[in-house]
Amino acid sequence: MTENAEGQGPLVPDQPDHVKRTAIDLIAAYADRNRDELERVIPRAADDAEAVRSELKVVSAFLGRRVQGTGVVWKPADSREAVARTVAEMLPPELEFAVSTAWEAHSVGEEEAAERFTRGDPMVYVHMLAAFSAAIGLAVYKRTELISTLRQVTGLSE
């Protein structure tokens, strides 16, 4: 189980290692702006979309807390721009648009609008959260440190 921010009990059940690896591989592909690697990871993510989405929620929350702890200013407008920039040219235009607009709604708390933009496709959320995690993670960590830290906090060995 993953503990909540205060260390008081479980936040969500631990995901299997292959789900954690897939989530981290997606973040790494976005952090590296490596479209070929992203295309290799997408089928694995699609096979476990809801579990990967859940793991990415935990990772993005962790990174959000890390950013706050460092004093780096990260506003909703910064996250919208970062996600749009991160997915640009990494995804087909229609998916890029869905991810960017869904994240824009999500970042200001408009979950119903975000859901409409995803058209019920959990992979839109997966891309949203992976792109956000890469962008916010790189605001605090160098690339290798980011991936290493994520492996540690998810309980994966190097």
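Predicted model: local features only at pLDDT ≥ 70, side-chain atom pairs only at ≥ 80, totals over all residues.

Reader: Why is helix 5 called roughly antiparallel to helix 6?

Author: Helix 5 (residues 93-107) and helix 6 (residues 111-118) pack at an angle of about 170 degrees, with their axes 7 Å apart. Angles over 145 degrees count as roughly antiparallel, so helix 5 gets that label relative to helix 6. On the helix 5 side the contact is made by A98, T101, A102, A105 and H106, and on the helix 6 side by E111, A113, A114, F117 and T118. Those residues divide into six nonpolar, three polar and one charged.

Reader: On to charges. What makes D32 and R143 a salt bridge?

Author: Their closest N and O atoms are 2.7 Å apart, and the cut-off is within 4 Å, so the pair qualifies. The pair links distant parts of the chain: D32 sits in helix 1 (residues 17-32) and R143 in helix 8 (residues 143-154), 111 residues apart. The structure holds six salt bridges.

Reader: Why do such side chains pair at all?

Author: Side chains of opposite charge can do so when their charged atoms come close.

Reader: Why is D32 called partly exposed?

Author: D32 has a relative accessible area of 39%. Buried means under 20% and exposed means over 50%, so a value in between is partly exposed. R143, at 30%, is partly exposed too.

Reader: How do you know that E37 and R40 form a salt bridge, and where do they lie?

Author: The closest N and O atoms of E37 and R40 are 3.1 Å apart, and within 4 Å is what the term asks for. Both lie in helix 2, three residues apart, about one turn of the helix. E37 is partly exposed at 26% relative accessibility, while R40, at 52%, counts as exposed because the cut-off is over 50%.

Reader: And what makes R85 and E81 a salt bridge?

Author: Their closest N and O atoms are 3.0 Å apart, again judged against within 4 Å. R85 and E81 both lie in helix 4 (residues 76-87), four residues apart, about one turn of the helix. E81 counts as exposed, at 52% relative accessibility.

Terms used. Residues numbered from 1 in each chain as written. Heavy atoms only, no water. Axes fitted to C-alpha atoms, helices over the stretch in contact; angles between N-to-C directions. Helix = DSSP H or I, 4+ residues; strand = E, 2+ residues; numbered from the N terminus. Parallel < 35°, antiparallel > 145°, perpendicular 65-115°, else oblique. Contact = heavy atoms within 4.5 Å. Nonpolar A, V, L, I, M, F, W, Y, C, P; charged D, E, K, R; others polar. Salt bridge = Lys/Arg side-chain N within 4 Å of Asp/Glu carboxyl O. Buried < 20%, exposed > 50% of the residue type's maximum accessible area, 1.4 Å probe, protein only.
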